[in-house]
Amino acid sequence: MLNLTGCHRGAFSRVHRAMRPFSAISKESYESQVDALNEKFAEARDEIEYAQEDAETTYFNESAETARTAVNEVLKAYTELGESLAEDQRGKLQRSMGLKMEQLKAEIAQLDHLHA
């Protein structure tokens, strides 16, 4: 049977699977990596909070840099994990963690305005 692209359905499936660069990781590995990401997220939020508390002190620049580094590490880990997942797992990660990553971006942007 031919599909709309003129390929046999089986041939299309084989080509599609071959083009997909990443495969699914085990549920345990996924959950372990998400747990580690959640821990990094909590640590980054703590660093942002510490920097906010230091806003009117001489320690602010150092605290803000520590917070930025922590946020960048979380965002990098999130991106790398997403890139290593199959499409269905990537969607699951996006739904469960995407808003948290946006929250970090917004909080670090607010931090930049505290000492501007």
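A: Two packed helices are described by the angle between their axes and the distance between the axes. Here H2 and helix H4 (residues 87-114) pack at about 15 degrees, with axes 10 Å apart. Axes are lines fitted to C-alpha atoms, for helices over the stretch in contact, and angles run from 0 to 180 degrees between N-to-C directions. Helices are DSSP runs (H or I, at least four residues), numbered from the N terminus. The model is predicted: local features need pLDDT of at least 70, side-chain atom pairs count only at pLDDT 80 or more, and totals for chains, interfaces and linings use all residues. Residues are numbered from 1 along each chain as its sequence is written, and side-chain values use heavy atoms, leaving out hydrogens and water.

Q: Which relative direction do H2 and H4 have?
A: H2 and H4 are therefore roughly parallel (angles under 35 degrees).

Q: How do the axes of H2 and H3 cross?
A: The axes of helix H2 (residues 27-53) and helix H3 (residues 60-83) come within 8 Å and cross at roughly 160 degrees. H2 and H3 are therefore roughly antiparallel (angles over 145 degrees).

Q: Which residues make that contact?
A: With contact meaning heavy atoms within 4.5 Å, those of H2 include Val34, Leu37 and Phe41, and those of H3 include Ala67, Val71 and Val74.

Q: What sits over the ring of Phe41?
A: The charged end of Lys100 does, 5.5 Å from the ring centre. The criterion is NZ of Lys or CZ of Arg within 6 Å of the ring centre and within 35 degrees of the ring normal.

Notes. Helix = DSSP H or I, 4+ residues; strand = E, 2+ residues; numbered from the N terminus. Parallel < 35°, antiparallel > 145°, perpendicular 65-115°, else oblique.
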